[in-house]
Amino acid sequence: MVINIPNTMQNIEITYDRDFNITNINSTSEKPTAPVNAFEENIIKEFTNYFLRKTKIIILPYVLKATDFQKSVYKITSEIPYGETLTYMEVANRLGKKCARAVGSVLKNNPLPFIIPCHRVVKSTGLGKYNLGTELKKYLIELEKNNQSI
């Protein structure tokens, strides 16, 4: 299914398996599609509530295929509070390693942005890259920073 991210010109494609677990979220040029089942309606509800600042997290079932190292990076990333950021080095330090580039590589390939909020991890000198685009990363950080009271 394809949905539009409110207040942006960006659409994302959300892929899920037959057990209704999200497996991938990607940027797409495809047009948004109408929901075809209750699960897709729930996806729209979760994303809409997040972008309308009614919730701080998107809660949807997912399947994540990852190595142990990737899972540890995703776990720390998922624990970053709404409206806050960590640097790639800070994530590496929490892992007990000095591997900021490896952390960046893992997050660059995060198949579940929004669910695993990799936009909350930044470079020590600026935003850093984001697989859905730097402008969207900036938008998400500002959205959260300006709405911590929910």
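In the predicted model, the buried residues of helix H2 pack against helices H3 and H4 and against strand E5, which spans residues 121–122. Helix H2 itself covers residues 68–78, and its buried positions are Val73, Tyr74, Ile76 and Thr77. When the helix is viewed down its axis, these buried residues fall within an arc of 165 degrees, so they line one face of H2. The face turned away from that buried side carries Asp68 and Lys75, both of them exposed.

Two of the helices against which H2 packs, H3 and H4, also take part in the lining of the largest pocket, where H3 (88–94) and H4 (100–108) each supply at least two residues. The space in this largest pocket amounts to about 320 Å³, and of the 16 residues that line it, Tyr88, Gly104, Lys123, Gly128 and Lys129 are the closest to its centre. Helix H4 gives the most to the lining, with four residues. Sorted by class, the lining of the largest pocket comprises seven nonpolar, six polar and three charged residues.

The second largest pocket holds about 220 Å³ of space. Its lining is made up of 18 residues, and those nearest the centre are Ile57, Ile58, Phe114, Ile115 and Pro117. In this second lining, 13 residues are nonpolar, two are polar and three are charged.

Strand E4, formed by residues 86–87, contains Thr87. With a relative accessibility of 17%, Thr87 counts as buried, because the limit for a buried residue is under 20%. When residues up to four places away in sequence are left aside, Thr87 touches Val121, Val122, Lys123 and Ser124.

Aromatic rings were examined next. The count of aromatic pairs comes to eight. In one of them, the ring centres of Phe20 and Phe39 lie 5.4 Å apart and the ring planes stand at 55 degrees, so the pair is tilted. Phe20 is located in the loop between strand E2 (11–16) and strand E3 (22–28), whereas Phe39 belongs to helix H1 (residues 38–51), so the pair ties together parts that are 19 residues apart in sequence. The two partners also stand in separate accessibility classes, in that Phe20 is partly exposed, with a relative accessible area of 36%, and Phe39 is buried, with a relative accessible area of 11%.

A further aromatic pair is formed by Phe51 and Tyr139, which are stacked, with 6.4 Å from centre to centre and 20 degrees between the planes. This pair links distant parts of the chain, since Phe51 lies in helix H1 and Tyr139 in helix H5 (residues 134–145), 88 residues apart. Phe51 counts as buried at 3% relative accessibility, and Tyr139 is likewise buried, with a relative accessible area of 19%. Both residues belong to a cluster in which ring pairs link Phe47, Tyr50, Phe51, Tyr82, Phe114 and Tyr139.

How values were computed. Residues numbered from 1 in each chain as written. Predicted model: local features only at pLDDT ≥ 70, side-chain atom pairs only at ≥ 80, totals over all residues. Heavy atoms only, no water. 1 Å grid on protein atoms, 1.4 Å probe; cavity = no way out; pocket = protein on both sides within 12 Å on 5 of 7 lines; lining within 4 Å. Points joined across faces, edges and corners; volume = space filled by probe spheres on them. Nonpolar A, V, L, I, M, F, W, Y, C, P; charged D, E, K, R; others polar. Buried < 20%, exposed > 50% of the residue type's maximum accessible area, 1.4 Å probe, protein only. Contact = heavy atoms within 4.5 Å. Phe/Tyr/Trp six-rings, centres within 6.5 Å; stacked < 30°, edge-to-face > 60°. Arc of directions from axis to C-beta.
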